[in-house]
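Q: Could you walk me through a few features here, starting with rings?

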Amino acid sequence: MASLLSPSAAISVQHKVNRTRVNAIFTNTSSKFLQTNVRNGRCHRLSLMTKAKMSVEGGVLEKESVSTSDKIDYGVVSVHHVGILCENLERSLEFYQNILGLEINEARPHDKLPYRGAWLWVGSEMIHLMELANPDPLTGRPEHGGRDRHTCIAILDVSKLKVILDKAGIPYTLSKSGRPAIFTRDPDANALEFTQVDS
């Protein structure tokens, strides 16, 4: 199959707004940025019209794409919960409750689902532990959880958590970037990040 991008014809466009970087590569294209408004650190309207020709297996596929995006607003408030799979609910609760200190949300239904589970408070959001078979491999995962799928929890003091994990004998790695953050895994190898934030 022929390459979709011809190295000689490819150009790179980079747009940076308040630590947000958008990279795009266009080949044999005719592109036009229509309008960008930045207010309060958010991109409220970014319009890009692109006409592109791509070579696929010797033939020419002409593709015209027009992407116009006003601010998409359907009322996003926050992340409500994160679902985490576990093999044994009691073992997971031992970790999440007795080591990490998370509390069960008794108001959430756990008996109406076709599997065992528990809802744990993380600030005003929750972790939903679900006792279900894990389709992911448990071995061969990166040692550093930041290089794997992970859930990030904001905390006020990384050094206090480090003492708790050391006392419990739970392995962890520190952030590779040097920021105050710890990565560890729960008993089912789910990666967790704890990042320090200002109060």
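A: Gladly! Rings of Phe, Tyr and Trp (its six-membered ring) pair if their centres lie within 6.5 Å; planes under 30 degrees apart count as stacked, over 60 as edge-to-face and the rest as tilted. In this structure there is 1 aromatic pair. Phe95 and Tyr96 have ring centres 5.0 Å apart and planes at 90°, so they form an edge-to-face pair. This is a predicted model, where local features need pLDDT of at least 70, side-chain atom pairs count only at pLDDT 80 or more, and totals for chains, interfaces and linings use all residues. Residues are numbered from 1 along each chain as its sequence is written, and side-chain values use heavy atoms, with hydrogens and water left out.

Q: Is Phe95 buried or exposed?

A: Buried means under 20% relative accessible area, exposed over 50%, partly exposed in between (1.4 Å probe, protein chains only). Phe95 is buried at 4% relative accessibility, and Tyr96 is buried at 0%.

Q: Which residue lies over the face of Trp119?

A: A charge sits over a ring if NZ of Lys or CZ of Arg is within 6 Å of the ring centre and within 35 degrees of the ring normal. Here Arg108 lies over the Trp119 face, 4.0 Å from the ring centre.

Q: What is the strand order of the open sheet?

A: Strands are DSSP runs of E, at least two residues, numbered from the N terminus; two of them pair if DSSP finds at least two bridges between them. The open sheet has 3 strands in the order β6-β8-β7, with mixed pairing. Its edge strands, β6 (81–86) and β7 (117–122), each pair on one side only. β7 pairs with β8 (residues 125–131) in the antiparallel sense over 6 bridges, and Trp121 has Met126 of β8 as its bridge partner.

Technical notes:
Helices (H or I, at least four residues) and strands (E, at least two) are DSSP runs, numbered from the N terminus.
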